[in-house]
Amino acid sequence: MNSSWQSRLCELPVESVRNCLLCDGVRGTTDFRWRKYLNLVPPFDVLRCPVCALRWLSPRPSAEGYALLYTDAMYFGGDGASPADYASSVKARVDYMRARIGRIQRIINKRGPLSILDYGAATGDFVRAGLDQGHDCVGVELSDDARAVAEQKNGVTLLSVDCVESMADLRFDAIHMNHVLEHMPDPLAHARWCAGALKPEGILILEVPQQFDNDLDRLRRGLRVGGRLQRFDAYSLHHTYFFTPPTFKTLLAKAGFNVLSLSTFNSDKTPLWPLSAKNYVLRALLGTADRLHAGGNIIEVFAQRPSASYHRAVDEFKAS
């Protein structure tokens, strides 16, 4: 480690989380493989639950530390971030976001505009896509820098996290979080908050990475051409939790959701046009991995908040 920004990362305020989020009172043990995959340096480390196999970062940056991490200098395209151009990676996802909004419309099947909350809206691309399709779409974003870019680039005003309390009386048809929950200090508490912020039978749409635990990364590691981070940087620290399909389902069940669908691959992420040989290969590999053993590189979930009648039926069944 020889860069000044790497030294700044090590100086971020930290906290430790010893117990598993999903298994009450179970302490995590050090996961040396994941520490190596993330290229971590002290004081940071990865723990693994011996019961459910959930992994999480600990020690990790504290709330103050993450506020410092998510800045232009360290994260959104700065020297301390892995992608050389954050903006270009966002642009590549715009069509993907539009397709997802279309799927939300088909599932909810409601006349008129939907009320959609994008939590962790980054630079506002999903919110812009939702507004352009006629929906009442609002976004919440932690980073001051990202909110400023959203205003300049997309013409949308995102709310800060401090404004969430003012939304206590609002209820949404759908809540969307794209690669957000794995950044949360307490994803279970936030999933429960989402359940309260949805209308009855409202839809929660989540996507998180199946980081390192997918067939593509396994192949890359086997061929010694990747499948792990090449250096310690901001992307070594930005995920607080590392989910698999079983641990993700457990989290959502604890939060009170019914999982409608779970997939570890979405072909909209690998469009075949403009012609892309790389995407042909990725579709074949990740699509097959998903079908065989949920071995794709994402976890995409559509979950539903059960209606009051559903809860009554469950209670009556238990009482019978």
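A residue counts as buried when its relative accessible area is under 20%, and as exposed when that value is over 50%. Keep those two cut-offs in mind as you look around this predicted model. The tour begins with Arg147, which is buried because its relative accessible area is 17%.

**Salt bridges**

- The structure holds 17 salt bridges.
- Arg147 pairs with Asp144 in one of them, with N and O 2.3 Å apart.
- Both of these residues sit in helix H7 (residues 144-154), where three residues, or about one turn of the helix, separate them.
- Asp144 is exposed, at 55% relative accessible area, whereas Arg147 is buried.
- Another salt bridge joins the side chains of Asp31 and Arg55, at 2.7 Å from N to O.
- Asp31 is in the loop between strand S2 (29-30) and H2 while Arg55 is in strand S4, so this pair ties together parts that are 24 residues apart in sequence.
- Asp31 is buried at 7% relative accessible area, and Arg55 is buried too, at 8%.
- Arg100 and Glu300 form a salt bridge whose closest N and O atoms are 2.8 Å apart.
- This pair links distant parts of the chain, since Arg100 belongs to helix H5 (residues 94-108) and Glu300 to strand S12 (residues 298-304), 200 residues away.
- Both Arg100 and Glu300 are buried.
- Arg100 and Glu300 also take part in a network of salt bridges with Arg103, Glu207 and Lys269.

**Around helix H9**

- At the start of H9, a side-chain oxygen of Asn214 comes within 3.1 Å of the backbone nitrogen of Leu216.
- Arg224 is exposed, with 78% relative accessibility.
- Leu219, Leu223 and Val225 make a nonpolar surface patch of about 300 Å².
- Val225 lies in the loop between helix H9 (215-223) and strand S10 (241-242), and it is exposed at 59% relative accessible area.

- Most residues other than glycine have a negative phi, and most peptide bonds are trans.
- Phe212 has a positive phi near 65 degrees, although it is not glycine.
- Phe212 is found in the loop between strand S9 (198-209) and H9, and it is buried at 3% relative accessibility.
- The peptide bond from Pro42 to Pro43 is cis, with omega near 15 degrees.
- Pro43 is in the loop between helix H2 (32-37) and strand S3 (46-48).
- Ser58 and Pro59 are also joined by a cis peptide bond, with omega about -5 degrees.
- Pro59 lies in the loop between strand S4 (55-57) and strand S5 (60-61).

How values were computed. Residues numbered from 1 in each chain as written. Predicted model: local features only at pLDDT ≥ 70, side-chain atom pairs only at ≥ 80, totals over all residues. Heavy atoms only, no water. Patch = residues over 30% accessible without salt bridge, like charges linked within 9 Å, V, L, I, M, F, W, Y side chains within 5 Å. Areas by Shrake-Rupley, 256 points an atom, 1.4 Å probe, with all protein chains shown as cover. Salt bridge = Lys/Arg side-chain N within 4 Å of Asp/Glu carboxyl O. Helix = DSSP H or I, 4+ residues; strand = E, 2+ residues; numbered from the N terminus. Buried < 20%, exposed > 50% of the residue type's maximum accessible area, 1.4 Å probe, protein only. Polar contact = N/O pair within 3.5 Å; in protein donor to acceptor, adjacent residues only side chain to side chain.
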